[in-house]
Amino acid sequence: MSGVSLLQSCWSALACLALLPLTGCLSASKQVEQKLPEVRSQWVTFVARQSSLPVRTLDWPQAISLLVTNNLKLRAAKTEITNTLERATQPYRDLIPTVNLRSGFTRSVANFTAASFDDVTFNIDSFFNVPGVVNFSTRLFAGRLEVLRAKAAYELALREQTIELYKTFLISQEQDQLVGEIKTQRALAETVQKVDSLAAQVLFKEVNSQEINLGKTREGLQTRLGDLFSDRTYQWVLSTNNLPDLAYEKQPLPLADTNRVAKLQTRLAALELVRAWGLIHGIKLQYWPELSIFVSGPSVYQRSAGASSFWSAKDVQATADFFWNLDTRGYISQQLRQTKRDQALQIEQLRLDSEALIDRLLAAQRLAGSLQAQADQLDQLIAVLDRVPPSFDFNTVLQTADTARSLRRQRFELRRDLAEVNTLFWFVDEQKWAAN
């Protein structure tokens, strides 16, 4: 093949490459149509799979392991840690010389048929620079601070998701108790039916209504677990025998002990304050002079007009640039004032959030003992009521059933309130998180 033919072939190939993005845009609808069968096939597969899911039983340690491995929020927080670590080392990687490859072809259209390989230019260039000393140190500080914030954010997300999982276990435990109570009520209805069919029908109706509500709650529980585990390929069954013991109503949390309480929350607040300081400091550094060093030289390899040349040390040049920007128009001072105003509001919000958390903890501490005492009293009352022999009087049967349901409903509500109090204490208890 002649040099001209080779060049024409290369030119045609380059033209095709240049038109390729445009063709991709024009055929977007066609590509979507090509993907539709695959997506629809997956839909049919998911419908068949979700209609008969296998059962998987989890205890607390297994659930925690699955949460840490699969949960999307935790995976996103881990990914952010990885990203910030990469960004933190980028200032050092910027010191590595760059290598650029460039090729070109120049020829007048009139004499295009006389083109030869000598009309092709090829360059391999390298460039090395040391960023400004002030800018370099600022980027290092900001990168390391972001790594600390990402790690603290992961710990916070882990606690939030773990507490959500714990509450889900409590809901499952409550559902198991409801199943037992519904069985008891159905047995009572069957006994009453032998004497009073009308009273039994009313009781059966109540039992059926409770079973329907229980089914809805269980569906909601499966959805919640699917979100926590980021996995909907199982029918989850929770074993609630080994849950963490959060008996803060018996052993109150010492809220003033900063070595145990809210260390993560205070560290996050400190990180925000340092971040605010770093932002102000970075703006002030714009008042300082900047020194940059550049090292440049000829191409590592160059070919032009049929002649080739290689890199030579004698042609390397070093350039130092000393730059001082005087803020004659007041841009830096304006930026500084506006940033300080914004940060004053942010710091005030941070203070209010801390005070709100403390208020919630103090209120929860006052409530914890009272809630537990009321729950114990209800347990005793329900136990007494369960020991009362059933009556065969229609009104008495309905009244007893209503009373039992009301007491159990109150007990469940008290237990939920107590769980909210205990998980709030758990959220700030560094000692228990370290132990787990």
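Guide: Helices (H or I, at least four residues) and strands (E, at least two) are DSSP runs, numbered from the N terminus, and axes are lines fitted to C-alpha atoms, for helices over the stretch in contact, with angles that run from 0 to 180 degrees between N-to-C directions. What you see is a predicted model, in which local features need pLDDT of at least 70 and side-chain atom pairs count only at pLDDT 80 or more, while totals for chains, interfaces and linings use all residues. Residues are numbered from 1 along each chain as its sequence is written, and side-chain values use heavy atoms, with hydrogens and water left out.

Visitor: At what angle do helix α3 and helix α4 pack?

Guide: Helix α3 covers residues 60-70 and helix α4 covers residues 72-93, and their axes are 6 Å apart. Angles under 35 degrees count as roughly parallel, over 145 as roughly antiparallel, 65 to 115 as roughly perpendicular and the rest as oblique, and α3 and α4 are therefore oblique to each other. The angle at which they pack is about 50 degrees.

Visitor: Which residues does Tyr 154 contact, leaving aside its neighbours within four places in sequence?

Guide: Tyr 154 has its place in helix α5, and at 15% relative accessibility it counts as buried, a word that means under 20% relative accessible area, with exposed over 50% and partly exposed in between (1.4 Å probe, protein chains only). Although Tyr 154 and Leu 74 are 80 residues apart in sequence, they are 6.6 Å apart in space, C-alpha to C-alpha. Apart from those neighbours, Tyr 154 is in contact with Val 68, Leu 74, Ala 77, Lys 78 and Ile 81.

Visitor: Is Thr 84 buried or exposed?

Guide: Thr 84 is found in helix α4, and, not counting residues up to four places away in sequence, it touches Gly 143, Glu 146, Val 147 and Ala 150. With a relative accessibility of 1%, Thr 84 counts as buried.

Visitor: How many aromatic pairs does a search of the whole structure find?

Guide: Rings of Phe, Tyr and Trp (its six-membered ring) pair if their centres lie within 6.5 Å, and planes under 30 degrees apart count as stacked, over 60 as edge-to-face and the rest as tilted. By that rule, the number of aromatic pairs found in the whole structure is eight.

Visitor: Which residues do ring pairs link into a cluster?

Guide: Tyr 166 and Trp 426 are both among the members of this cluster. The ring pairs link Trp 60, Tyr 166, Phe 169, Trp 426 and Trp 433.

Visitor: Over the face of which residue does Arg 56 lie?

Guide: A charge sits over a ring if NZ of Lys or CZ of Arg is within 6 Å of the ring centre and within 35 degrees of the ring normal. Arg 56 lies at 5.3 Å from the ring centre, over the face of Tyr 234.

Conventions. Contact means heavy atoms within 4.5 Å.
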